[in-house]
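Reader: Could we go through this structure together? I would like to begin with confidence and then move to the packing.

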Amino acid sequence: MKKKKNKSLTLLSDEAIRYLENAQEVLSKSTIEDNRYIDVKYVKSACGIAYLGVLKAVDEYLLKKGLTKKELPKKVEEYIKALKKYAGVHNGKLIRQFHDIYDELHIAGYYRGDLHSVGAVKSAINTAKDFIEKISKGKN
Amino acid sequence: MSREVKRYIENAKEILKKARKEGGYYIDMKYVKSAFGCLYLGILKAVDEFLLSKGIQEKNLPKKIDEYMRYLKKYGSVYNGKLIREFDSLYYQIHIAGYYRGFLKSEKIVKEAFEEAEIFIKKLVR
């Protein structure tokens, strides 16, 4: 499948871009009927992959802030703690957005398969993209 | 094994194929992590199907790992606790180490994790 590079994604880190592109590729395998994804396994898989892209972007941000690879968070609680410490002073909105992404993309989308409508899935992936854009800009 | 569970495993293997390898180690972790993410969904789907076959209603299927453990303990007791131990081990290997943390890099270990998952799934949904 030929990949179309989204212009707005070019600001982001290569790895985070690739996760989002892969998520969109997996999502495109699901048929859509009445504005709903029919094949939930592709939606779940796509949400799981997009969430990995979000974590990758946070990892890169934290590395830029001086953390070593070994010190990177391993659980969602540690990610929130690290974001609060390194990004929270300036940006509580970013942390709230990360919370939402965890609930919507990871729990509802990937783990429980609760997202079905095209609008809801796209909105969850767009939120992930928006978060990655913000945090990628923040590392400079 | 249902078509759905099979497709999760096939999709996971398809994603894994995209990862480059060097000297017996995967070097492109995003595909390995994504593949484990799909494989874990296949495991959960198999547990769901097992529970449905035991009379659980779809709306009552577990939603969290603790609930999965509790249900397996209750409905998989015929396996003398082996099922729980295997599920617990797969949760940490596939979901935490493989998907979430990206700790599994050796081609051999990844292959074994996939095999272990498939054995577990076949035991649950023949």
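Author: The mean pLDDT (the predictor's confidence in each residue, from 0 to 100) of chain A is 87, and 87% of its residues reach 70 or more. This is a predicted model, in which local features need pLDDT of at least 70, side-chain atom pairs count only at pLDDT 80 or more, and totals for chains, interfaces and linings use all residues. Residues are numbered from 1 along each chain as its sequence is written, with chains lettered from A and ligands numbered from 1 in the order in which they are written.

Reader: Where in chain A does pLDDT stay under 50?

Author: That applies to residues 1-10 of chain A. Where pLDDT is low, the predicted coordinates should not be read in detail.

Reader: Which residues touch the most other members of the largest nonpolar core?

Author: Among them are A:Ala23, A:Cys47 and A:Val54, in a core of 39 residues. Such a core is a set of buried Ala, Val, Leu, Ile, Met, Phe, Trp, Tyr and Cys residues joined through C-beta atoms within 7 Å; buried means 20 or more other C-beta atoms within 10 Å of a residue's own, with C-beta atoms placed from the backbone.

Reader: And what does A:Cys47 contact beyond four places in sequence?

Author: A:Cys47 is in contact (C-beta atoms, placed from the backbone, within 7 Å) with A:Leu105, A:Gly109, A:Tyr110, A:Leu115 and A:Ala124.

Reader: Turning to chain B, is B:Val110 buried or exposed?

Author: B:Val110 is buried, because 21 other C-beta atoms lie within 10 Å. Leaving out residues up to four places away in sequence, B:Val110 touches B:Tyr26, B:Val32 and B:Leu104.

Reader: How far apart are B:Val110 and B:Tyr25?

Author: They are 85 residues apart in sequence and 9.4 Å apart in space, C-alpha to C-alpha.

Conventions:
Contact = placed C-beta atoms within 7 Å. Buried ≥ 20, exposed ≤ 12 C-beta atoms within 10 Å, placed from the backbone.
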